[in-house]
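Hi,

Here's the structure I promised to pass along.

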Amino acid sequence: MTTELMMVIVQENLGAHIEKEQEEEALKTCINPLQQAEEYLKSLVVETQDLASPVLRSVSICTKVEEAFCQAHVIVVLDESTDKEVFTLEDCLRSRMPLCRLYGYLIEKNAHESVRVIVGGKTSVNLKTVLLMRYAPRIAHNIIAVALGVEGEAKAILARKLKTAPLYIKDVIIWGNISGNNYVDLRKTRVYRYESAIWGPLHYSRPLLNLIFDSEWVKREFVATLKNLTATRRQFGGILAAHSIATTLKYWYHGSPPGEIVSLGILSEGQFGIPKGIDFSMPVKFENGTWVVLTDLKDIEISEQIMTRMTSTISLPITEDSQEEQVSDAADFLNRIPQTTFEKPQSLEFLNGFEGKTVES
């Protein structure tokens, strides 16, 4: 073997050795995603304990799928860190369905019989809610979608326009798809403590639409601002999400303020001309541990055009015998899925895809 050939072989071996060392070093710096998720949960436990809340007894984490939601009285479902951006309703259905099916099975199997499920987040809120209803039919009446975040955003925009505080604006109604096509109804909205030539006691209020004289601003800029928040997914940030969920939960247990309208995503029974069997945000009040749809409100009819726009992305009935005309192929796709009974989905084969993953509740 010539010296020149030996030098070539040495250089190749040295290059391979260096490359191998670099790969090993890179692997050492990599963090296992599951381990990272568990570490994040542990940090949340410490942060929660730091609150020193008088109502907090203990905090635990669950990293085993089949132990999730064990005897839970309240479950909050938020966006998944693994959620991928999708562009069609059918793709959205296919991406959300496996996890919602798993959650539905585990909730019925492990949670307390009176469990209350609150669905929030930035994407597919109504869709996740209706899928959970389908896959956890025994507690479907106790699954709701949070709409107070959109309410809060609308009140804040209106307050800036009127140069007042959002807390003085009441009775904004959110209709439809909470994280998508919705309709912000200001026909019942009232403003309290508004500084003007007319002043009254604390309970005195005035119709908001009588105070905003620029109707074009309401139709265009106000609507565009809210749509931009939804389109850019900047809505429902951490503080707003926590407050909306906590307030909804407080109302659910203790009742909402008397006379005040609250928006809530619930299963439609055909009220207000809404297609039956879909999850739809509508006006309610909380009392006696449940909610009551405010069907007695006057002058809040929704035009056929607005209703069609809103239901085009959430017309996903959970009842197989629904005779409502479907408005999308994705709706037909979901309607072909049988409503589950209380049995383990596809046995262990289905759960294998989630083995070792973190389930947050």
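The buried residues of α4 run through Val125, Asn126, Leu127, Lys128, Thr129, Val130, Leu131, Leu132, Met133, Arg134 and Tyr135. That makes eleven of eleven, so α4 is largely enclosed by the rest of the structure. Do keep in mind that this is a predicted model.

The core has 56 residues, and the ones touching the most other members are Phe69, Ile75, Ile107, Val117, Leu158 and Phe222. Another core, of 26 residues, lies apart from it; Leu264, Ile278, Leu294 and Met310 are among its members.

What about Cys70: how far is its sulfur from the closest cysteine sulfur? That one belongs to Cys62 and sits 8.5 Å away, too far for a bond. Cys70 counts as exposed because its relative accessibility is 58%, while Cys100, at 5%, counts as buried.

Then the charged pairs. The count comes to seven salt bridges, and here are some of them:

- Lys42 with Glu38: the closest N and O atoms are 3.9 Å apart. Both residues lie in helix α2 (residues 33-50), four residues apart, which is about one turn of the helix. Lys42 is partly exposed at 37% relative accessibility, and so is Glu38, with a relative accessible area of 29%. Glu39 joins these two in a network of salt bridges.
- Lys170 with Glu260: the side chains meet at 4.0 Å, N to O. Lys170 lies in strand β4 (residues 169-170) and Glu260 in the loop between α7 (238-254) and β9 (262-267), so this pair ties together parts that are 90 residues apart in sequence. Lys170 is partly exposed, with a relative accessible area of 25%, whereas Glu260 is buried at 15%.
- Lys285 with Glu287: the closest N and O atoms are 3.8 Å apart. Lys285 is partly exposed, with a relative accessible area of 31%, and Glu287 is partly exposed too, at 31%.

Cheers

Technical notes: Residues are numbered from 1 along each chain as its sequence is written. This is a predicted model: local features need pLDDT of at least 70, side-chain atom pairs count only at pLDDT 80 or more; totals for chains, interfaces and linings use all residues. Side-chain values use heavy atoms; hydrogens and water are left out. A nonpolar core is a set of buried Ala, Val, Leu, Ile, Met, Phe, Trp, Tyr and Cys residues joined through side-chain atoms within 4.5 Å. Buried means under 20% relative accessible area, exposed over 50%, partly exposed in between (1.4 Å probe, protein chains only). Helices (H or I, at least four residues) and strands (E, at least two) are DSSP runs, numbered from the N terminus. A disulfide is a pair of cysteine sulfur atoms within 2.5 Å.
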